[in-house]
Amino acid sequence: MTAASALPRQERFDADPEPVPFTVRGSQKVHGGLAVGAALVAIGFAASASTSPTGILRWLAAAAFAALAVVCARALTVGEMLVADDVGIRLRIGNEWIGTRWEDIEEVTVLQRRHPLDDGRIAVHLQDPGPILGAMPSSTRKTTDANRRLTGSSLAVPFGLTARPSNGAVVQALHMLADARCPVREQL
């Protein structure tokens, strides 16, 4: 038995470790809590409603809270919103996946969370967004246009309170995956 064969297998071949894929997923705790809370409030309003004028307002409130419960329950089933690996980045906008290679990205900007109730943001700036954005359905294009107006980039994903990254060191994880093919910057 040699000294090299006595080492555990992972220590023998750790010269170039493989980069670990980075994901951002919706927060199950937040969306689940909101869904249950909104459903309970909707049931309370519906139970106390009647056909009087104020009772009709209670029916409307019950319907609004029931709709909120459905939206939050749907958010539980979404899964990943962003997946970054050694090939590139894929983002989910609505029900559409938009993917691009690291070489086609101008830069990735990360806005860190500023306080506990704030969400950070990962924005992907493409070198030529025309072909990718032009191939999207109109409903997804409306969302990317709203993203562009709000964040400065058509392709942006929140993380923090409503979505959890797989690695807390977001900038470092994305920088390792980009491997000098595009800059990953922290927005201050």
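**Strand pairing and helix packing in the predicted model**

In strand β2, E80 is the bridge partner of R25.

The secondary structure of the chain amounts to seven helices and nine strands. The radius of gyration is 22 Å, well over the 16 Å that the globule rule gives for 188 residues, so the chain is more spread out than a compact globule. Along the principal axes, the C-alpha atoms fill a box of roughly 85 × 50 × 30 Å. Buried residues make up 35% of the 188 residues of the chain. Among contacts with a separation of 6 or more, 63% are between residues 24 or more positions apart.

Strand β1 covers residues 22-26, and four of its five residues are buried, so the strand is largely enclosed by the rest of the structure. Strands of a sheet pair through backbone hydrogen bonds, either parallel or antiparallel. β1 pairs in the antiparallel sense with β2 (residues 80-84), over four bridges. β1 is also paired with strand β8 (residues 163-165), again in the antiparallel sense, over three bridges. In this second pairing, G26 stands opposite A163 of β8.

T23 is a residue of β1. Its relative accessibility is 16%, and T23 therefore counts as buried, the cut-off being under 20%. With neighbours within four places in sequence left aside, T23 is in contact with E80, L82, V83, R164, P165 and S166. Of these contacts, E80 is also the bridge partner of R25 in β2.

The pairing continues from β2 to β3. These two strands run antiparallel and are joined by three bridges, with L82 opposite L91 of β3. A hairpin of three residues connects β2 to β3. β3 in turn pairs with β4 in the antiparallel sense, over six bridges, and I93 stands opposite E96 of β4. The hairpin of β3 and β4 has two residues between the strands, and in this hairpin G94 takes a positive phi near 65°.

A further set of four strands forms an open sheet in the order β7-β6-β5-β9, with mixed pairing. β7 and β9 (184-187) stand at the edges, each with a single partner strand, so one side of each has no neighbour in the sheet. From one strand to the next, the twist averages 20°. Within this sheet, β6 (residues 120-126) and β7 pair in the antiparallel sense over five bridges. P158 of β7 is the bridge partner of R121. Helix α7 (residues 170-178) lies across β5 (105-111), β6, β7 and β9, and runs at about 160° to β9.

Helix α6 comprises the 14 residues 138-151 and reaches 20 Å from its first C-alpha to its last, close to the 20 Å expected at 1.5 Å a residue. T140, T144 and N147 of α6 are buried. Seen down the axis of α6, the buried residues fall within an arc of 55°, so they line one face of the helix. An α-helix has 3.6 residues a turn, so residues three or four places apart point the same way. The elements covering the buried residues of α6 include β3 (88-93), β4 (96-101), α5 (130-134) and β7 (155-159). The face of α6 turned away from its buried side carries the exposed residues K142, R149 and L150. Just after α6, G152 takes a positive phi of about 90°.

Helix α4 (residues 53-75) contains R58. R58 has a relative accessible area of 36% and is partly exposed. Not counting residues up to four places away in sequence, R58 touches F45, S48 and A49. The C-alpha atoms of R58 and A46 are separated by 6.7 Å, the two residues being 12 residues apart along the chain.

How values were computed
Residues are numbered from 1 along each chain as its sequence is written. This is a predicted model: local features need pLDDT of at least 70, side-chain atom pairs count only at pLDDT 80 or more; totals for chains, interfaces and linings use all residues. Side-chain values use heavy atoms; hydrogens and water are left out. Buried means under 20% relative accessible area, exposed over 50%, partly exposed in between (1.4 Å probe, protein chains only). Two strands pair if DSSP finds at least two bridges between them. The expected span of a helix is 1.5 Å times one less than its number of residues. The arc is that of the directions from the helix axis to the C-beta atoms. Contact means heavy atoms within 4.5 Å. Axes are lines fitted to C-alpha atoms, for helices over the stretch in contact, and angles run from 0 to 180 degrees between N-to-C directions. The radius of gyration is taken over C-alpha atoms; the globule rule is 2.2 Å times the number of residues to the power 0.38.
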